[in-house]
Amino acid sequence: MTMPYYVAPEQVMKDRAEYAQKGIARGRSLIASTYAEGIVIVAENPSRSLHKVSEIYDRIAFAGVGKYNEFDQLRVSGVRHADTKGYAYSREDVDARSLANLYAQYLGQVFTHEMKPLEVEILVAELGTELHPNQLYHIAYEGTITDEDRYAVLGGETEAIAQEVESGWEENWSLSAALQATVGALAGAERTLVGKDLEVAVLTEGSGRRSFHRLMDTELDTLLT
Amino acid sequence: MTLPFFTPLDDPGPDFAGLIRRLQIPMRAPANIGSPQAPMGAGGPGGSEYRHGTTVVALRFADGIVMAGDRRATEGHAIAHRAMEKVFPADRFSAVAIAGAAGPAVEMVRLFQTQLEHYEKVEGVVLSLEGKANQLGQMVREHLPMAMQGLGVVPLFAGYDLARSTGRIFTYDVTGGHYEETEHNATGSGGRDARTTIKLGYRMGMARDDAVELAVQALFEAADEDSATGGPDLVRGIYPLVATVTAAGFESVTEEEVALRFATLIERRRVEGREP
């Protein structure tokens with residue numbers, strides 16, 4: 001009879017974390033930052049149809065890095081949660097904090113109980129009102145949740161990028177300034193990124209109740225130059 | 001509430017109605033409301049216990065469609081509400097107007113609006129105008145058991161078809177059957193009078209202002225003939241709701257403009273020496 005050999009729980013968790021981190025590091029990073037009129041989310045993504053940044057609800061956006069099918073499943077379930085909540089109660093009862101908590105619970109659950117952790121890092125962003133500030137909830141693969149009110153960097157190798165954003169970040173900067181700084185930080189010293197390499201979306205007060213808006217083509221190119 | 005997850009074999013996809021059925025969130029009143037058959041038309045339009053909304057119109061013009069509805073809700077012979085809204089944006093490029101049992105009708109609109117937005121967010125693309133019209137047809141069809149008990153809902157759906165660059169109008173019957181109209185239509189208890197008014201004044205390729213004017217006139221005539229249709233309420237300053245859908249999307253016609261059009265209409269009749 002073979003004995004099941006003992007593996008220390010520390011080792012199990014370490015292995016899982018390494019596995020998830022490796023998966024996430026294979027993809028490109030993403031930055032979300034507040035600016036004068038709202039929140040801008042910038043991802044390096046040459047695809048026009050497989051989105052990393054999307055709309056969840058009237059004032060809530062979702063962004064993910066890592067394995068596409070995994071974060072897209074999280075996105076869809078977030079849309080379902082928000083729409084059913086808004087339908088059962090009222091549109092104003094849908095908030096990012098409770099959604100971010102549910103995501104954190106779910107990711108934590110999968111990390112500790114499933115064979116394979118999710119190889120994703122996600123962001124739930126909520127446009128503020130006069131009473132509440134803008135909110136960025138950054139949720140890691142193991143369910144750790146942090147809330148930021150200035151900027152958040154998601155991805156594998158984020159330290160250099162975060163330093164770059166930190167050094168240039170300004171309160172209430174313009175959309176164009178925020179975009180140029182974040183795109184510069186994503187590109188690093190050796191590369192330059194242009195409009196077609198990027199997926200950019202903003203949460204900003206517009207004409208209707210839905211504040212999510214994608215910046216594309218000429219609109220984006222104008223802001224970048 | 002928990003995060004709703006489904007296995008790939010069990011996934012409701014972009015169907016919001018299917019999703020809430022799966023999550024067992026009650027959509028509307030149960031199909032059988034238990035009471036004996038509520039007699040249709042016992043107290044004017046519909047039974048006396050339920051709120052009814054009446055008379056909505058839609059017509060095509062050069063750049064899209066105009067939709068309008070009066071503001072009265074009735075319970076039998078009594079006026080239940082003077083400022084009910086019956087014209088709603090369904091999404092950015094379409095509008096829906098309702099006539100019939102007010103409770104289920106408003107609920108149907110809410111479900112329909114959520115359904116369209118849900119589809120758009122889950123799929124990442126917007127449904128075609130015809131797809132939206134079919135969706136609404138399904139909801140009306142599912143409502144048939146209640147319609148048989150006297151709680152019928154008959155919507156009007158219209159929007160701007162971005163693929164064809166034209167406005168389109170769809171009408172429904174209680175079985176969920178839907179039919180595309182080439183010019184105009186109206187539904188509700190004053191629908192007949194409204195329809196006749198539009199028919200007499202209609203021209204192909206009308207300008208926006210003429211189309212809004214004609215919709216206002218149609219509601220005026222309907223209110224004149226039908227007790228369940230509310231006219232302009234000059235005492236309280238409540239006017240019918242008018243909206244347009246064009247390539248620029250859904251736009252409400254301002255209350256000032258509607259009020260001015262009614263004032264001009266009434267003044268014109270006074271000058272002509274006719275009863276208003």
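Chain B holds seven helices and 13 strands; helices (H or I, at least four residues) and strands (E, at least two) are DSSP runs, numbered from the N terminus. The model is predicted: local features need pLDDT of at least 70, side-chain atom pairs count only at pLDDT 80 or more, and totals for chains, interfaces and linings use all residues. Residues are numbered from 1 along each chain as its sequence is written, while chains are lettered from A and ligands numbered from 1 in the order in which they are written.

**Chain B overall**

- The radius of gyration of chain B is 19 Å, close to the 19 Å of the globule rule for 276 residues, so chain B is as compact as a globular protein of that length. The radius is taken over C-alpha atoms, and the rule is 2.2 Å times the number of residues to the power 0.38.
- The C-alpha trace of chain B spans about 70 × 45 × 30 Å along its principal axes.
- Of its 276 residues, 47% count as buried. Buried means 20 or more other C-beta atoms within 10 Å of the residue's own; exposed means 12 or fewer, and partly exposed lies in between, with C-beta atoms placed from the backbone.
- Among chain B contacts between residues at least 6 apart in sequence, 68% join residues at least 24 apart. A contact needs C-beta atoms, placed from the backbone, within 7 Å.

**Where chains A and B touch**

- Chain A puts 14 residues into the contact, and chain B puts in 15 residues.
- On the chain A side, α2 (68–88) and α3 (96–113) are the elements that give two or more residues.
- α2(A) gives the most, with ten residues.
- By class, the chain A side has six nonpolar, four polar and four charged residues. Ala, Val, Leu, Ile, Met, Phe, Trp, Tyr, Cys and Pro count as nonpolar, Asp, Glu, Lys and Arg as charged, and the others, Gly among them, as polar.

**Helix α4 of chain A**

- A:I161, A:E164 and A:V165 are buried in α4 (residues 159–168). They cover an arc of only 95° around the axis, which puts them on the same side of α4(A). The arc is that of the directions from the helix axis to the C-beta atoms.
- On the other side of α4(A), A:E159, A:Q163, A:E166 and A:S167 are exposed.
- The cover over the buried residues of α4(A) includes β1 (30–35), β8 (151–154) and α5 (175–187) of chain A.

**A:S33**

- A:S33 sits in strand β1 of chain A.
- A:S33 counts as buried because it has 26 C-beta neighbours inside 10 Å.
- Beyond its neighbours within four places in sequence, A:S33 contacts A:V40, A:Y151, A:V165, A:A178 and A:T182.
- A:S33 and A:E10 lie 23 residues apart in sequence and 35 Å apart in space, C-alpha to C-alpha.

Terms used: Contact = placed C-beta atoms within 7 Å.
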